[in-house]
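Me: Please take a close look at one part of this model with me. I would like to follow how the side chains there pair up, and then see what lies around them.

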Amino acid sequence: MSLQTPISPASEPPPPLMPREIRLRVDPLLMLAAIGLVVCSVIVLKGATANDVPGDPHYYVVRQLTFGVVGLVLMYGISRLDYSRLRELKYVLYGFMIASIVVVYALGTASHGSKRWIPTPFFNLQPSELGKLLLVVALSSFLVDRMRRGPGGRETTARVMLLALFPAMLVMAQPDLGSSMVYVAGAIALLVVAGTPWRHFAALSALGAVAIALTLVALPAAGVNVLKPYQVDRLTSFLHPSSVAGKEGYQQQQSKIAIGSGEKTGRGVQNATQTGLNFLPEHHTDFIFAVVGETYGFVGAALVLSLYALLIWRGLHILTQAKNLFGALIAGGITLMLLFQIFVNVGMTVGIMPITGIPAPLLSYGGSSMLVTFMALGLLQSISAQAREVAAAKTRTTIL
């Protein structure tokens with residue numbers, strides 16, 4: 001008589017360690033949002049910049065598409081790395097960030113009164129864009145080290161802000177007011193994720209209000225101008241755009257006209273006169289969302305904002321799933337920094353935020369912005385993949 005021994009659960013073959021999407025180290029929804037925004041950017045640029053470069057109607061389209069493809073490769077490559085090893089490089093990353101910003105003063109080229117770019121054979125590199133990501137990683141490492149030593153309280157908050165304000169001031173001197181604001185916003189985002197007490201934020205808000213009052217009112221009245229006149233106009237023109245005779249008020253007026261004229265479904269490329277006749281300045285960079293509104297109307301604007309919402313949602317989801325505090329801080333810093341840039345860029349096109357020159361991530365034309373954003377998304381993908389691997393390993397251990 002032959003007996004068949006029942007197979008015990010412990011002798012069953014273990015489940016795969018990782019599902020396919022983990023092996024690829026890709027969050028499909030985050031990838032979808034990123035690719036969708038690049039596609040939207042290319043489509044919008046195709047219609048908006050056809051007459052911008054004589055003899056080459058596809059100049060911006062080809063370059064933006066190239067930046068997008070290279071960015072996707074960068075994102076996937078970074079997703080394969082162990083982000084935790086970056087903790088050991090915090091001093092190197094912070095020092096490189098400062099050095100790259102300083103180098104601009106020696107090797108940079110000036111454009112529109114600002115010296116922000118270093119020319120390369122392929123595109124103009126903007127170190128302040130890369131600095132946004134490096135700052136988040138370096139400060140995340142610093143916060144982890146400080147929190148592991150015990151509660152640091154006000155000292156930790158002050159050090160984080162000082163470490164962010166130093167490069168922010170260097171960037172503002174280029175001058176690049178928008179990027180310097182992003183640096184400060186990134187530091188505040190990390191403090192939020194780290195659980196900083198609300199009293200610290202109240203104190204920072206009070207200090208910020210005092211700094212703004214000194215910069216815009218008290219010091220100019222005393223004959224000391226911290227900001228250039230056009231920067232002051234940019235910061236205040238959104239409050240009363242119709243009464244500002246300068247370029248800043250004009251920009252926001254034309255932007256609101258463009259968005260309003262698009263109505264529900266847009267005017268189409270041929271009838272988008274604000275864009276086509278160059279009434280809308282910087283329509284391929286700062287005010288590209290206004291082009292979306294005029295050309296494709298509420299439907300197009302809603303699509304872009306939905307893709308942004310998907311991007312931010314996945315970033316916040318990755319924040320909650322991170323396997324360690326370092327990953328959570330990086331994910332939170334990147335996500336909230338992107339949210340800040342989106343809010344300010346879209347807000348300035350509709351007249352509720354000052355004009356600061358902050359690009360719309362993955363939508364505005366620009367190699368540095370596109371590549372750095374994809375690098376940031378690569379870190380999010382790495383954090384997400386490692387979190388799923390840890391969860392899968394725990395499940396496998398439980399079953400065994």
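**Rings and charges up close**

Reply: Tyr60 and Tyr365 are both buried. Keep in mind that this is a predicted model. Searching the whole structure turns up five aromatic pairs. Tyr60 and Tyr365 make one of them: their ring centres are 4.8 Å apart. Their planes stand at 90°, so the pair is edge-to-face; the cut-off for that label is over 60 degrees.

Now place the two rings on the chain. Tyr60 belongs to helix α3, residues 59-79. Tyr365 sits in the loop between α14 and α15. These parts are 305 residues apart in sequence, so the pair ties them together.

Next comes another aromatic pair, Phe67 with Phe123. It is edge-to-face too, with 70° between the planes and 5.8 Å from centre to centre. Phe67 lies in helix α3, while Phe123 lies in the loop between β2 and β3. They are 56 residues apart, and their pair links distant parts of the chain.

Phe67 has 9%, so it counts as buried. Phe123 has 18%, so it is buried as well. Step back, and ring pairs join Tyr59, Tyr60, Phe67, Phe123 and Tyr365 into a cluster.

Now turn to charges. Side chains of opposite charge can pair when their charged atoms come close. The whole structure holds eight salt bridges. One of them joins Asp27 and Arg314, with the closest N and O atoms 2.7 Å apart. Asp27 is in the loop between α1 and α2, and Arg314 is in helix α13. The two are 287 residues apart, so this pair also links distant parts of the chain. Asp27 is buried, at 2% relative accessible area. Arg314 is buried at 10%.

Arg314 does something else. Its charged end sits over the ring of Trp313, 4.6 Å from the ring centre. Trp313 is found in helix α13. At 45% relative accessible area, Trp313 is partly exposed.

Which residues form a network of salt bridges? Arg87, Lys90 and Asp145 are linked that way. Asp145 bridges to Arg87, with the closest N and O atoms 2.5 Å apart. Asp145 is in helix α5 and Arg87 in the loop between α3 and α4, so the bridge ties together parts 58 residues apart in sequence. Asp145 also meets Lys90 in a salt bridge, 2.9 Å from N to O. Lys90 lies in helix α4, so this second bridge ties α4 to α5 across 55 residues of sequence. Both Lys90 and Asp145 are buried. Arg87 is partly exposed, at 22%.

Helix α13 has one more residue to look at, Glu294. With 0% relative accessibility, Glu294 is buried. Its contacts include Ile259, Arg267 and Thr275.

Leu162, Leu165, Phe166 and Met169 make a nonpolar patch of about 400 Å². Phe166 lies in helix α6, residues 154-172. Phe166 has 39% relative accessibility, so it counts as partly exposed.

Note on methods. Residues numbered from 1 in each chain as written. Predicted model: local features only at pLDDT ≥ 70, side-chain atom pairs only at ≥ 80, totals over all residues. Heavy atoms only, no water. Phe/Tyr/Trp six-rings, centres within 6.5 Å; stacked < 30°, edge-to-face > 60°. Helix = DSSP H or I, 4+ residues; strand = E, 2+ residues; numbered from the N terminus. Buried < 20%, exposed > 50% of the residue type's maximum accessible area, 1.4 Å probe, protein only. Lys NZ or Arg CZ within 6 Å of the ring centre and 35° of its normal. Patch = residues over 30% accessible without salt bridge, like charges linked within 9 Å, V, L, I, M, F, W, Y side chains within 5 Å. Areas by Shrake-Rupley, 256 points an atom, 1.4 Å probe, with all protein chains shown as cover. Salt bridge = Lys/Arg side-chain N within 4 Å of Asp/Glu carboxyl O. Contact = heavy atoms within 4.5 Å. Lists of a residue's contacts leave out its neighbours within four places in sequence.
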